[in-house]
Amino acid sequence: MRRPKILTASLAATLGLGLAAALGAAPTASATTVAPSAVAAPAGFAAYAGSTAEAKANKAFFDAVVKSVAKKRAAAPGAAAVTVVYSAANAPSFRSQISRSTQIWNSSVVNVRLVEGSNPDFRYYEGNDSRGSYASTDGHGSGYIFLDYRQNQQYNSTRVTAHETGHVLGLPDRYSGPCSELMSGGGPGTSCQNATPNAQERARVDQLWRYGLASAFKTP
């Protein structure tokens with residue numbers, strides 16, 4: 001959930017890089033960043049995105065989570081919904097917001113369910129970062145959500161957390177959208193209190209998890 005911004009060529013590049021911080025260690029404000037990998041977007045995804053770089057990074061995060069989940073899915077092939085496991089152990093200050101945001105998503109969609117547990121598909125972290133809060137992945141089966149202290153003081157914290165969790169579920173940023181769109185992030189300003197996805201966002205997540213997992217199983 002980036003802060004409202006006026007993009008210049010150099011700033012746009014920086015923001016694109018910020019969405020793909022290297023994994024393997026807890027993120028820090030000075031973490032080395034790498035450019036997001038080029039990932040082909042499914043039909044309709046690119047038009048929904050806030051920018052090309054962010055669309056690729058967000059799509060990479062979704063693909064990584066889907067592939068991680070797909071490896072576990074064979075154990076319960078008949079389950080009504082896909083279970084995505086997360087860990088909030090590294091974001092203790094935001095436990096209530098994380099719990100609330102996952103409850104919001106679990107009550108909004110039917111094809112995927114978020115649960116806290118061991119062997120997580122993604123993790124939440126907290127700290128200070130001038131880029132604000134963000135979702136990140138290396139595109140190889142693991143990722144994390146970083147929750148920035150300052151941004152969560154300026155904006156509705158549950159909205160920030162639910163927004164970043166939306167990236168895990170496959171949704172890109174759309175900063176130009178109204179407050180009623182969860183994925184408009186910080187675009188509507190600090191007065192926006194909405195932390196619930198709208199009908200289009202809910203339908204998109206259900207569609208992605210209905211077909212995305214089947215595609216992941218076909219991946220060698």
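The model is predicted, and local features need pLDDT of at least 70, side-chain atom pairs count only at pLDDT 80 or more, while totals for chains, interfaces and linings use all residues. Residues are numbered from 1 along each chain as its sequence is written, and side-chain values use heavy atoms, with hydrogens and water left out.

Two packed helices are described by the angle between their axes and the distance between the axes. For α4 (residues 95–108) and α6 (residues 157–168), the angle is about 55 degrees and the axes lie 8 Å apart. The axes are lines fitted to C-alpha atoms, for helices over the stretch in contact, and angles run from 0 to 180 degrees between N-to-C directions. Helix α4 is therefore oblique to α6; angles under 35 degrees count as roughly parallel, over 145 as roughly antiparallel, 65 to 115 as roughly perpendicular and the rest as oblique.

Seen as a whole, the protein chain has seven helices and five strands. These are DSSP runs numbered from the N terminus, with helices (H or I) of at least four residues and strands (E) of at least two. From the N terminus on, their order is α-α-α-β-α-β-β-β-β-α-α-α. Of the 220 residues, 50% count as buried; buried means under 20% relative accessible area, exposed over 50%, and partly exposed in between (1.4 Å probe, protein chains only).

Two residues show both ends of this scale. Where does Trp-209 sit, and is Trp-209 buried or exposed? Trp-209 is found in helix α7 (residues 199–218) and counts as buried because its relative accessibility is 2%. Leaving aside neighbours within four places in sequence, the contacts of Trp-209 include Phe-62, Val-82, Asn-111 and Leu-169. Leu-169 is 40 residues from Trp-209 in sequence, yet their C-alpha atoms are 7.9 Å apart in space. Asn-119, by contrast, is exposed, with a relative accessible area of 55%. Asn-119 belongs to the loop between β2 (112–116) and β3 (122–127), and has a positive phi of about 50 degrees although it is not a glycine.

Definitions and conventions. Contact means heavy atoms within 4.5 Å.
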